[in-house]
Amino acid sequence: MTDTAERGGLAVTEAMAERRAVKAFDPEYQIPDADMRDLLETSLLSPTAFNIQNWRIVRVTEPDMRQRIRAVAWDQPQVTDASDLLVLCADLNAWDRSPERYWVHAPQEVQDLIVPNIRKYYQGRPQVARDEGMRSCGMIAQSIMLLATERGLDTCPMDGFDFEAVADLINLPDDHAVALMVAVGKRAQDPFPKPGQIPYEEVVRENGF
């Protein structure tokens with residue numbers, strides 16, 4: 001992998017502390033395709049229920065399409081200025097798309113146990129499939145952001161856009177749903193300091209509320 005930015009080589013803990021939602025990206029900076037593919041391939045190691053891998057990623061590279069998405073995203077500059085724009089989508093029927101392939105390398109007795117239960121769990125429960133898809137997209141989004149930070153890149157997770165309009169622009173199939181977008185690139189300026197964290201004790205409870 002080539003050196004994609006001045007910062008890099010951060011461990012997970014450091015990447016967690018360093019990651020920010022960057023709004024101002026350098027429009028001249030382009031992530032090499034090989035580096036972006038490596039980042040995304042690594043992100044595919046993210047967890048999903050039953051290993052159904054129900055995320056789908058639309059990498060928007062066409063400038064006119066980026067401009068059209070920006071028009072339905074409150075004119076936010078990171079849509080066009082970041083090197084990459086990723087639209088993370090959930091395949092709501094991934095559980096029914098030859099689910100045996102998700103467990104092809106497992107021992108046969110594990111396959112015999114797990115694969116039939118995939119359809120049993122999701123069939124006739126569309127809200128469960130949708131909820132699961134949103135969770136999966138959230139997890140892979142975090143993976144993408146931490147991997148990018150580790151490699152000296154910056155990101156911005158986005159839900160400030162017209163979901164239906166973006167779905168139309170990317171020709172999203174009816175059995176898929178847009179979860180969020182992630183802009184990836186190199187910051188043009190440092191963001192302001194982290195605005196504040198609520199206390200640990202307010203967030204973490206022992207054995208219930």
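This is a predicted model: local features need pLDDT of at least 70, side-chain atom pairs count only at pLDDT 80 or more; totals for chains, interfaces and linings use all residues.
Rings of Phe, Tyr and Trp (for Trp, the six-membered ring) are taken to pair if their centres lie within 6.5 Å; planes under 30 degrees apart count as stacked, over 60 as edge-to-face and the rest as tilted. Residues are numbered from 1 along each chain as its sequence is written, and side-chain values use heavy atoms, with hydrogens and water left out.

The chain has a mean pLDDT (the predictor's confidence in each residue, from 0 to 100) of 95, and 95% of its residues reach 70 or more.

Under the ring criterion, five aromatic pairs are counted. One of them joins Phe50 and Tyr121 in a tilted arrangement, with 5.5 Å centre to centre and 50 degrees between the planes. This pair links distant parts of the chain, 71 residues apart: Phe50 lies in the loop between helix H2 (33-43) and strand S1 (55-60), and Tyr121 lies in helix H5 (residues 108-122). Helices (H or I, at least four residues) and strands (E, at least two) are DSSP runs, numbered from the N terminus. Phe50 has a relative accessibility of 25% and therefore counts as partly exposed; Tyr121, at 33%, is likewise partly exposed. For these classes, buried means under 20% relative accessible area, exposed over 50%, and partly exposed in between (1.4 Å probe, protein chains only).

A stacked pair is formed by Phe161 and Phe163, with 4.2 Å centre to centre and 15 degrees between the planes. Phe161 is buried, with a relative accessible area of 6%, whereas Phe163 is partly exposed at 31%.

Ring pairs also link Phe50, Trp95, Tyr121 and Tyr122 into a cluster. Over the ring of Tyr121 sits the charged end of Arg125, 4.8 Å from the ring centre; the criterion is NZ of Lys or CZ of Arg within 6 Å of the ring centre and within 35 degrees of the ring normal.

Backbone geometry was also examined. Asn51, in the loop between H2 and S1, has a positive phi near 55 degrees although it is not glycine, and Asn51 is partly exposed at 30% relative accessible area. Asn207, in the segment after helix H8 (200-203), has a positive phi of about 65 degrees and is exposed, with a relative accessible area of 82%.
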